[in-house]
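Visitor: I'm new to reading protein models. Could you walk me through one, feature by feature?

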Amino acid sequence: MTKKKKSIYPLWVLTPAILIYTLFSVVPIVISLVCSFTDWNMGRLYTPVFNGLSNYVELLHDPVFLRSIGNTFLFALITTILKTGIGFLLALAMVKKIPGRGIMRTIYYAPCVISITVVGVLFKAILANKGLLNNVLQIIGLGGLAHDWLGSYGTAMGSVILVETWMWAGFNMFIFISGLQAIPEDYYESATLEGASAFEKLKNITLPLIVPSMTVVVTLSIAGGLKVFDIIYVITNGGPGFDTQVLATYTYQSFSLGFLGESSAGSIILAIIVVIISFTMNHYLTKREVEM
């Protein structure tokens with residue numbers, strides 16, 4: 001094989017992946033961007049008219065859309081904190097050589113491989129007004145705490161946040177375990193010889209050196225939280241009222257009602273938010289990574 005053929009060989013290998021990515025990712029984004037500047041709807045399915053920034057202006061004056069933005073940020077922030085914190089604590093426990101460690105790791109990781117639909121149906125049965133949780137509360141004499149967890153304002157969003165945390169904390173745990181196992185034992189041994197306490201080891205060794213894993217976890221959690229759709233759609237569908245309405249469910253419902261141009265504008269706004277926040281957090285955390 002000549003030198004020239006060797007230089008173009010990787011391009012031929014990458015061509016199928018590039019074509020698939022372009023077809024199913026880049027092209028839909030471009031089409032959505034173009035449609036967001038039109039009044040495309042079910043009445044103008046084949047004759048959309050360019051209307052400039054009208055869709056964006058209408059969205060930014062829609063109180064439901066503005067609330068969905070607030071709910072999206074709230075969901076992303078709280079779930080990121082919980083999934084990161086719980087995942088890190090589980091990793092600290094599961095990285096130690098304890099009996100049954102393999103089984104416990106599997107149990108903690110299992111929720112993230114279960115179908116979203118199955119999880120949704122399961123927790124709707126548990127958290128319903130006459131669901132498993134309220135029945136258990138009645139049995140143990142705490143009936144006063146029984147509540148319509150998914151049908152009441154205030155508790156619906158909290159319930160979905162806890163379900164999301166339950167699903168993905170184990171996934172983050174494995175990322176942190178990989179980071180913890182990469183830290184040389186020599187550092188801890190030296191710290192022990194110098195009389196460092198467990199807290200000092202955590203503060204001065206573990207936390208600084210776990211930042212690369214933290215970067216991955218936080219970036220994935222924030223991006224996933226901002227794009228959340230499936231778990232909310234299955235469990236609450238944005239209700240009660242608009243209490244759990246997020247950008248993705250708002251856009252989906254707008255599309256379902258035939259407002260195709262407006263829903264395209266909503267999806268573009270969501271994409272811009274996800275890109276800006278994810279890249280900002282990734283850049284911020286990457287700058288704080290410490291080399292071993």
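Guide: Let's start with Asp-243, which counts as buried at 10% relative accessibility. Buried means under 20% relative accessible area, exposed over 50%, and partly exposed in between (1.4 Å probe, protein chains only). Keep in mind that this is a predicted model: local features need pLDDT of at least 70, side-chain atom pairs count only at pLDDT 80 or more, and totals for chains, interfaces and linings use all residues. Residues are numbered from 1 along each chain as its sequence is written, and side-chain values use heavy atoms, with hydrogens and water left out.

Visitor: Which residue forms a salt bridge with Asp-243?

Guide: The general idea is that side chains of opposite charge can pair when their charged atoms come close. A salt bridge here is a side-chain nitrogen of Lys or Arg within 4 Å of a carboxyl oxygen of Asp or Glu. In this case the partner is Arg-67, with the closest N and O atoms 3.1 Å apart. Arg-67 lies in helix 3 and Asp-243 in the loop between helix 11 (230-235) and helix 12 (247-256), so the pair ties together parts that are 176 residues apart in sequence. Arg-67 itself is partly exposed, at 37% relative accessible area.

Visitor: How many salt bridges does a search of the whole structure find?

Guide: It finds 2. Lys-83 and Glu-164 form a salt bridge too, and their closest N and O atoms are 3.3 Å apart. Lys-83 sits in helix 3 and Glu-164 in helix 7 (residues 155-181), so this pair links parts 81 residues apart in sequence. Both of these residues are buried.

Visitor: How many helices and strands are in the protein chain?

Guide: Helices (H or I, at least four residues) and strands (E, at least two) are DSSP runs, numbered from the N terminus. This chain has 13 helices and 0 strands.

Visitor: Back in helix 3, is Thr-72 buried or exposed?

Guide: Thr-72, found in helix 3 (residues 63-94), is buried, with a relative accessible area of 1%. Contact means heavy atoms within 4.5 Å. Leaving aside neighbours within four places in sequence, Thr-72 is in contact with Gly-225, Leu-226, Val-246 and Leu-247.

Visitor: What share of the protein chain do buried residues make up?

Guide: Buried residues make up 38% of its 292 residues. As for contacts between residues at least 6 apart in sequence, 70% join residues at least 24 apart.
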